[in-house]
Each structure stands twice: as C-alpha cells, then as structure tokens.
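Work through the following exercises with the sequence and the model side by side. Each task is followed by a solution in steps.

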Amino acid sequence: MHAAYQRIIGMGPAVVPLILRDLEQKPDHWFWALRAITGDNPVKPEQRGRMKLMTQVWIQWGKEHGYEW
C-alpha cells in the first residue's frame, strides 16, 4: 500500500466524489479505496477483474447514493 493511497483513504467520505470523478475520466485501481471508505462493495464476484465494468458499477453506486461530482 502506497503511503499517498493510504492518506487518501484516511480522508474518508469527503474524497468519494473525487475518486468517482477520476474513475469516470479514466478507470484506475480505486476500488479497494472505495470499499475501505464506504464499507460497501457493489461489484459482484463475476464482475471482478473487469476494470471497465467495475468502474461502471461504482459510478452507478455513487449516483444511487447521492454523490455528485
């Protein structure tokens, strides 16, 4: 775990919209951070490892939970 990644997780829910916006612009490995911050994981087992699909699932999750970015 990179120190900067851990600091971002430590910022808590306030960074969720920023992470979701970043994911929307360019899918990246933010999924573990989102799970750690939100305590949720909307990605189904059969969707794991499919970056584009996982990104779409998390973006939808964010919209359904009232996040705006």
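A residue counts as buried under 20% relative accessible area, as exposed over 50% and as partly exposed in between, with a 1.4 Å probe and protein chains only. Helices (H or I, at least four residues) are DSSP runs numbered from the N terminus. The model is predicted, so local features need pLDDT of at least 70 and side-chain atom pairs count only at pLDDT 80 or more, while totals for chains, interfaces and linings use all residues. Residues are numbered from 1 along each chain as its sequence is written, and side-chain values use heavy atoms, with hydrogens and water left out.

**Exercise 1. Which residues of α2 are buried, and which helices do they pack against?**

Step 1. The buried residues of α2 are Val16, Pro17, Ile19, Leu20, Asp22 and Leu23.

Step 2. Contact means heavy atoms within 4.5 Å. By that rule, the buried residues of α2 pack against α1, α3 and α4.

Step 3. Take Val16 as an example from helix α2. Val16 has a relative accessible area of 0% and is therefore buried. Neighbours within four places in sequence aside, Val16 touches Leu34, Ile37, Thr38, Trp61 and Tyr67. The C-alpha atoms of Val16 and Leu34 are 6.9 Å apart, although 18 residues separate the two in sequence.

**Exercise 2. How many aromatic pairs does the whole structure hold?**

Step 1. Rings of Phe, Tyr and Trp (its six-membered ring) pair if their centres lie within 6.5 Å; planes under 30 degrees apart count as stacked, over 60 as edge-to-face and the rest as tilted.

Step 2. The search finds three aromatic pairs. In one of them, Tyr5 and Trp30 have ring centres 5.5 Å apart and planes at 15 degrees, so the pair is stacked. This pair joins distant parts of the chain, with Tyr5 in helix α1 (residues 3–10) and Trp30, 25 residues away, in the loop between α2 (16–25) and α3. Both Tyr5 and Trp30 are buried.

Step 3. Trp61 and Tyr67 also form a stacked pair, at 5.7 Å centre to centre and 25 degrees between the planes. Trp61 is buried because its relative accessible area is 6%, whereas Tyr67, at 23%, is partly exposed.

Step 4. Ring pairs link Trp58, Trp61 and Tyr67 into a cluster.

**Exercise 3. Which members of the largest nonpolar core touch the most other members?**

Step 1. A nonpolar core is a set of buried Ala, Val, Leu, Ile, Met, Phe, Trp, Tyr and Cys residues joined through side-chain atoms within 4.5 Å.

Step 2. The largest such core has 18 residues, and Ile19, Leu23, Leu34 and Trp58 touch the most other members. At least two residues come from each of α1, α2, α3 and α4. The largest share, five residues, is supplied by α4.

**Exercise 4. Is Gln47 buried or exposed?**

Step 1. Gln47 sits in the loop between α3 (31–38) and α4 (51–64).

Step 2. Its relative accessibility is 13%, so Gln47 counts as buried.

Step 3. Not counting residues up to four places away in sequence, Gln47 touches Pro42, Leu53, Met54 and Val57.
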